[in-house]
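Welcome! Open your viewer, and let us walk through this model one selection at a time.

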2 protein chains.
Amino acid sequence: MRDSAEHPVSELLTPEARTTLDGSGYGSWRRLATADAVSLAFGFPYPDSFRLDRLRESIETVLASEGRQALQYGGGEYADLLESAVRNRATARGIDPDETAVLLTNGATHAVDSVCRAFLEPGDVVAVERPTFMGSLTVFRNFGVEIEELPVDDAGLDVDALADRLHARRAAGDPIPKLLYTITDFQNPTGTTLSRKGRERLLALADEFDFAVVEDGAYTDLRYEGETVPPLAALDDAGRVIRVESFAKTIAPGVRLGWLVAAEPIRDAIDALAAGGANTFTRSVIGHYCDAGHLEASLPPLREAYAARRDRLLDALERHMPASATWTDPDGGFFVWVELDESVDTDDRLDDAIDAGVTYLPGSMFYADPDAGSNALRLSFSYADPDAFDDAIAALATVVD
Amino acid sequence: MRDSAEHPVSELLTPEARTTLDGSGYGSWRRLATADAVSLAFGFPYPDSFRLDRLRESIETVLASEGRQALQYGGGEYADLLESAVRNRATARGIDPDETAVLLTNGATHAVDSVCRAFLEPGDVVAVERPTFMGSLTVFRNFGVEIEELPVDDAGLDVDALADRLHARRAAGDPIPKLLYTITDFQNPTGTTLSRKGRERLLALADEFDFAVVEDGAYTDLRYEGETVPPLAALDDAGRVIRVESFAKTIAPGVRLGWLVAAEPIRDAIDALAAGGANTFTRSVIGHYCDAGHLEASLPPLREAYAARRDRLLDALERHMPASATWTDPDGGFFVWVELDESVDTDDRLDDAIDAGVTYLPGSMFYADPDAGSNALRLSFSYADPDAFDDAIAALATVVD
């Protein structure tokens with residue numbers, strides 16, 4: 001096999017595609033995925049959260065009643081039901097169905113990527129939280145854009161800092177971000193939630209500075225305490241918000257289904273550029289699943305199970321972590337963000353942690369800035385056996401002390 | 001709902017995204033999809049070609065033996081089996097497994113789109129057959145590239161014309177295409193197949209003029225007569241060919257699974273830019289389906305059924321069409337391309353045809369050039385009941401005479 005640098009066809013690739021060929025960054029993923037240790041690294045739903053019995057019922061119903069249509073281009077009525085289900089979920093969140101339209105996607109990352117295709121050109125600016133979901137950072141990097149990182153505090157995105165940064169950009173004649181990407185509820189990785197007041201102020205800034213907002217609602221359905229805050233998409237009067245959601249956490253990642261809600265012309269433009277047809281079979285099955293009420297019925301026990309997992313992880317942190325460590329206390333979602341003494345480098349300590357029997361994601365993965373996050377880490381309470389949390393955190397505490 | 005032109009956020013869209021907002025071109029699709037007429041328009045597999053019994057068996061096996069893994073990020077062993085199955089298919093076609101690597105995609109159009117993302121920037125040139133698959137034309141247009149159309153004769157892409165065009169571009173100092181997109185077997189829409197000699201000459205031109213080739217093999221498994229010609233990807237010594245295939249025609253469109261085979265660094269670059277995870281559930285099911293031999297077992301009866309459909313359509317054309325009409329005689333695939341008297345405009349006649357009880361796709365859909373193809377049309381023998389072909393073609397003949 002030729003080396004990539006030598007391969008003559010590589011020279012025909014775009015600059016962004018060539019950048020990916022240096023291939024850095026995948027080593028630690030592999031180490032984590034194959035480690036024989038308690039996994040607090042990845043945001044996987046716990047396997048028993050998948051309702052195989054209900055999914056089997058939906059598959060059987062779809063195959064028996066319209067199998068040949070569900071397998072054909074375009075699908076049949078069950079595939080259409082999925083679009084209705086998603087619309088109804090948006091309406092229940094307060095998003096005006098007369099001012100928005102829905103686009104089903106192959107998961108949330110596909111949705112974010114599709115939004116980027118419609119908006120971004122190399123050299124554009126995208127504003128993100130600092131830290132933010134590494135999967136979205138990867139998407140933005142692929143478009144050759146400048147990434148402007150904005151601080152997060154206990155109440156999510158620091159909107160004051162955003163305002164300062166926008167005014168500074170305007171004063172300096174620097175480009176204003178075209179898109180702001182924010183995870184408003186139980187942010188990945190910090191678990192923080194933006195207040196209603198913060199959301200309203202953010203939308204006012206979007207109007208004043210003329211940018212669009214991508215609101216990632218991957219965890220919105222998984223609130224364990226506190227009052228629901230209306231999504232940006234429900235507070236938005238100007239059609240600036242594109243809200244992205246997914247069934248990965250509430251049904252299963254493997255069905256690979258997400259969606260976005262946006263003003264209709266924006267949805268249409270995104271749709272026109274998002275090449276490729278739909279997995280009508282999966283859409284039909286999940287269309288039946290939602291229509292039969294299985295999703296709604298599964299949410300209360302899911303929330304209960306995840307809340308108990310969160311509590312056990314927080315208890316373990318309280319019990320074992322060194323005094324210099326601080327961590328967040330999320331009202332929902334999958335993650336706790338831990339900050340350690342400045343001297344601790346969580347990339348360097350990962351191998352020791354694996355040896356001690358626990359995995360985490362190093363904080364540096366969640367920043368565009370290559371020098372940031374080295375004394376932080378993300379813990380996920382979504383996947384591992386909660387009975388293992390206490391020993392795992394005890395082990396972690398010895399490694400990062 | 002605001003009009004797209006008025007929507008303030010529309011101004012933030014890329015030029016390519018804004019172009020899609022004029023929304024032309026979808027009217028005739030809707031008319032065709034809802035018409036109460038014999039459908040010779042779309043390249044849909046006939047519904048009884050889907051092996052529901054075998055698919056049900058694969059679904060049951062996957063759910064019973066590793067359901068929770070098949071629904072998780074990454075999938076389990078059955079998902080891995082799909083990659084092996086696709087690799088084995090490539091090897092059986094003569095593609096060197098030591099010089100290539102596979103990437104699974106959400107269908108063939110997603111694969112073509114992913115290749116474009118890695119190679120194309122606005123202003124680049126893509127060479128295509130004239131006429132060619134409208135779905136791929138749409139993908140190329142979305143990248144803001146110049147489309148160079150090359151003639152097709154009875155033996156597929158006219159490689160002499162390609163050579164002339166490349167030399168002319170070089171002489172004029174015009175940019176050389178970065179990609180050439182070709183459907184080598186039973187081309188969509190003409191049904192023609194490029195000879196081995198043509199393939200070898202095409203590859204020599206790719207080397208001489210330094211471009212990459214996207215070989216679309218959507219119909220390769222559906223040959224009804226004549227000798228198999230090795231794919232470009234098997235004849236390629238320079239790693240210039242990216243071969244795209246799909247299970248849409250041999251298993252079902254609704255499983256939305258395709259793949260590409262390319263030199264490893266090219267595959268890696270395409271993979272890094274193709275955002276979003278995999279539908280591991282569908283991959284697992286089709287992984288089992290292929291591993292159990294269901295795909296291989298289904299191909300001979302599929303070929304037999306499609307060959308009989310082709311023969312009945314050709315018989316009907318012979319029986320009814322006006323003397324001025326000519327049509328192709330494909331060795332495989334789904335399509336016959338009909339050329340009519342210069343005075344006939346197939347866009348204009350479509351409504352009359354629907355009224356008379358038959359649908360087709362107007363030739364103009366298959367050209368980038370808006371003035372081309374008006375006296376041609378594509379007929380698909382893949383979907384409608386073959387017992388209806390004779391009446392349908394009799395009706396068509398009266399409309400286009």
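Which residue of chain B does the side chain of Arg117(A) meet in a salt bridge? Select Arg117(A) and Asp113(B): their side chains form that salt bridge at 2.7 Å, N to O (a side-chain nitrogen of Lys or Arg within 4 Å of a carboxyl oxygen of Asp or Glu).

Before moving on, note that this is a predicted model, where local features need pLDDT of at least 70, side-chain atom pairs count only at pLDDT 80 or more, and totals for chains, interfaces and linings use all residues. Residues are numbered from 1 along each chain as its sequence is written, chains are lettered from A and ligands numbered from 1 in the order in which they are written, and side-chain values use heavy atoms, leaving out hydrogens and water.

Next, show both chains. The rule finds six salt bridges across the interface of chain B and chain A. The contact (heavy atoms within 4.5 Å) takes 80 residues from chain B and 80 residues from chain A.

Now return to chain A and select helices α5 (residues 108–119) and α10 (residues 264–273) (helices are DSSP runs of H or I, at least four residues). They pack at an angle of about 100°, with axes 9 Å apart (axes are lines fitted to C-alpha atoms over the stretch in contact, and angles run from 0 to 180 degrees between N-to-C directions). The two helices α5(A) and α10(A) are therefore roughly perpendicular (65 to 115 degrees).

Finally, colour the residues where they touch: Ser114(A), Val115(A), Arg117(A), Ala118(A) and Phe119(A) in α5(A) meet Ile266(A), Ile270(A) and Leu273(A) in α10(A).

Definitions and conventions:
Angles under 35 degrees count as roughly parallel, over 145 as roughly antiparallel, 65 to 115 as roughly perpendicular and the rest as oblique.
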